[in-house]
Amino acid sequence: LTAVKALRLIEVEYEQYEPILTAEAALREGAIEIHEGTKNIIAQSEYHLGDLHEALAQADEIFEDEFSTSTVQPCALENHSAYAYMDGSGRIVVCTSTQIPHICRRVVGQALGIPWGRVRVIKPFVGGGFGSKQDVVVEPLVAFLTTVVGGRPVKLAFTREETFVASRVRHAIYFKFKTGVKKDGAIVASALKAVSVNGGYASHGHAIVDNSGEKFRHLYDQQAIKFEATTVYTNMPSAGAMRGYGIPQVMFALDCHMEDIARALQMDPLLFRLKNLNKEGYTDTLLGIVAHTNGLPECIARGRQLIRWDEKKAVRRRQTGSKRRGLGMACFCYTAGTYPLNLEIAGARIVMNQDGSVQLQVGAVEMGQGSDTVFSQMAAETIGIPVDMVHLISEQDTEITPFDTGAYASRQTYISGMAVKKAAAEIKDKVLRHCRVMTDIPPQDLDIVDAWIVYQHNGARIMPLAEVALDGYYNLAHAAPFTADVTNSAGTNALSYGCTFTEVEVDLATGKVEVLEIYNVHDSGKIINPQLAEGQVHGGVSMGLGYALYEQMIFDPGTGKPLNNNFLDYKLITTMDTPEIGVGFVETDEPTAPYGNKSMGEPPVMSPAPAIRNAILDATGIKFNELPMNPHRLFERFKAEGLI
Amino acid sequence: MIAKKISCSVNGRKVALEVDVRASLLDILRDSLHLTGVKKGCSVGECGACTVLIDGEPYDSCIYLAVWADGKDINTIEGEYKEGKLSKVQQAFVDEGAVQCGFCTPGFIMSTTAMAQSGRKFTREEIKRELSGHMCRCTGYQNIIKAAQKALED
């Protein structure tokens, strides 16, 4: 009661600050610093390639343009959630929906100031991540709280509303392009300035905009490039990784800019791109990444054919009605993993059972993209057994599974896949060597096909694999079960490519855009599992359509409060908004990859937004340089331009 | 807490429970009956992940009070796998690659199952409309629509 009385006597005065919701507000002279001494800047960076001034001096024309993208949320259907408890020996067990169990273990250890070995992280099935779970969000708190309550279980499960504002979002980035071009359409140089909007905490921080600065230079040939980037703190939700890691943002800016240049030069936008694309053999002088394969010209040819580009262009006359149709396309390129900027290591372990089947353990993370399936295919293919003889442990447990940095950067099929291949090759080698003990036939004359030991030269069956496996366990003189434990440290990277072709119908009266046709054509190297790869393209294109046309987190400018942090007000695409998504693959054979494969998971989300924008431009003559291109924005602009 | 006794049938089994009058059917299915195939994506009837059949009709169980389930016949995804066999709808989802992370899948399957049990014919457009209350972030709905078409054939 005394406390209640005392409470009444306390008068609180609040000084209300203006929320900082944009880069301009964060960088304004005298802006309140969200973290003291930072001037609201998380980091700044720049790089130069060649001499920009000298190169620009050779240009016949210089084009400048600005683009901006919106803040969107990954919207994995499963919210962020984790629980923790302490086991009998006082260790902390964290069970969490994460893309990075092994990194999570380290961060929890660091956060609690305890040896990392005292933390055990378990990753069960994950209900989608798309990058927002490539960060440690709820885990350190539950790990700490269980220590406070004597090791009893503590759970923290975000509501949908909390996931929107308190997990991670995609950075909104402002881009300013300056590009010099020759009369014949050859690009000579470009300068790109970028300002990336983060929230109150750094998370992946400046790395996202830096990545956009790296990837954009791999697509088109240029003599000189200058890139400058700044990432700022704001009162927006913290931004982190999201499918594409800065590339959907920069490809929107880049390939809208390219479209505008081609049109200004009165060149066919397809020919303009084909003329300027980096070719096979391109070597990035800053990182040393080599394009051993580049199927983009064929991807463009395929997309052009699928949408019947030439035919439709030929019959399209000047349109005057309220509904106008247009064609658009855009390209992208991407890498597989983060090497050489970061170390890329992945572990795989195989134990052959007595019946010739195998236990496969990987440190890589399945979260719906199908990695477990392709790793099983890889092990089966390399050893020479049917895929149902591969038993993969899907649950990640830092106590059991080998180390891998996790599911991000479209790295797993390329990097963890190589670990699986090496482990499987080692198993096969051990099996064939043991055959020699049993048969006296030299290993180089043998092979394993469909779980049979066969002669390599004619495929004649010698004995079932199961017989060798069993002997490996019970041979009195030579028993040594066949096992392999491999870590792959990738010293390579590979560039994947692709493009989107689309036809839209714009209703000038309502500002609504209907996507009539859309095709994504990818050079992701060899496709390991066509059905799963198609699924990745469907999902990525769908996310890209949302990015282009609907999605945007909105905040009250006066208070900074979120206005649409739920699925009713944040427009997520449904079955009703989904056009048929056409998929094409141009299969190249990447020599640095385990099976000729390149990145697949993130690429599909990179080019739909600029392709839609370019199609709207084709239909209406209006350039929309800001995402999303929702009816509200289109309608206002059409009114301002006198179209309605 | 005010509690009330209810009895209902869940996946063909009679169940008697004492439930908090404020509890949703979703809470009871997950926390009391441990039917965790019923997914919680939003808790307010927006995403469709918690869809179950109540007397054959699909409902968002997160906005259906547990007390309303008294005397009802409830079916969840856990009841669809019978005698070691997937249902026709489940098998179609597997065959068409309609599952990625799987979080939205139980809801889609239950709604499609209700459509299959209705005996009606559905056009592709009608299927899209029927399933529009379910959100999926992985698949772009392409293979889900295909799977539903396949399951609703003949």
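Analyst: Here is a look at one helix pair, and then at the nonpolar core.

This is a predicted model, in which local features need pLDDT of at least 70, side-chain atom pairs count only at pLDDT 80 or more, and totals for chains, interfaces and linings use all residues. Residues are numbered from 1 along each chain as its sequence is written, with chains lettered from A and ligands numbered from 1 in written order.

Two packed helices are described by the angle between their axes and the distance between the axes. Here the pair is α8 (residues 247-264) and α16 (residues 608-620), both of chain A. Helices are DSSP runs of H or I with at least four residues, numbered from the N terminus. The angle is about 30°, and the axes lie 8 Å apart. Axes are lines fitted to C-alpha atoms over the stretch in contact, and angles run from 0 to 180 degrees between N-to-C directions. So α8(A) is roughly parallel to α16(A), a term for angles under 35 degrees. Their crossing is right-handed, meaning that the near helix is turned clockwise from the far one by less than a right angle.

From α8(A), the contact uses A:P248, A:M251, A:F252, A:D255, A:C256 and A:E259. From α16(A) come A:A609, A:P610, A:R613, A:N614 and A:L617. Contact means C-beta atoms, placed from the backbone, within 7 Å. These residues divide into seven nonpolar, one polar and three charged. Ala, Val, Leu, Ile, Met, Phe, Trp, Tyr, Cys and Pro count as nonpolar, Asp, Glu, Lys and Arg as charged, and the others, Gly among them, as polar.

Now the core. The largest nonpolar core has 211 residues. Such a core is a set of buried Ala, Val, Leu, Ile, Met, Phe, Trp, Tyr and Cys residues joined through C-beta atoms within 7 Å. Buried means 20 or more other C-beta atoms within 10 Å of the residue's own. A:I612 and A:I616 are among the residues that touch the most other members.

Key. Buried ≥ 20, exposed ≤ 12 C-beta atoms within 10 Å, placed from the backbone. Helix = DSSP H or I, 4+ residues; strand = E, 2+ residues; numbered from the N terminus. Parallel < 35°, antiparallel > 145°, perpendicular 65-115°, else oblique. Contact = placed C-beta atoms within 7 Å.
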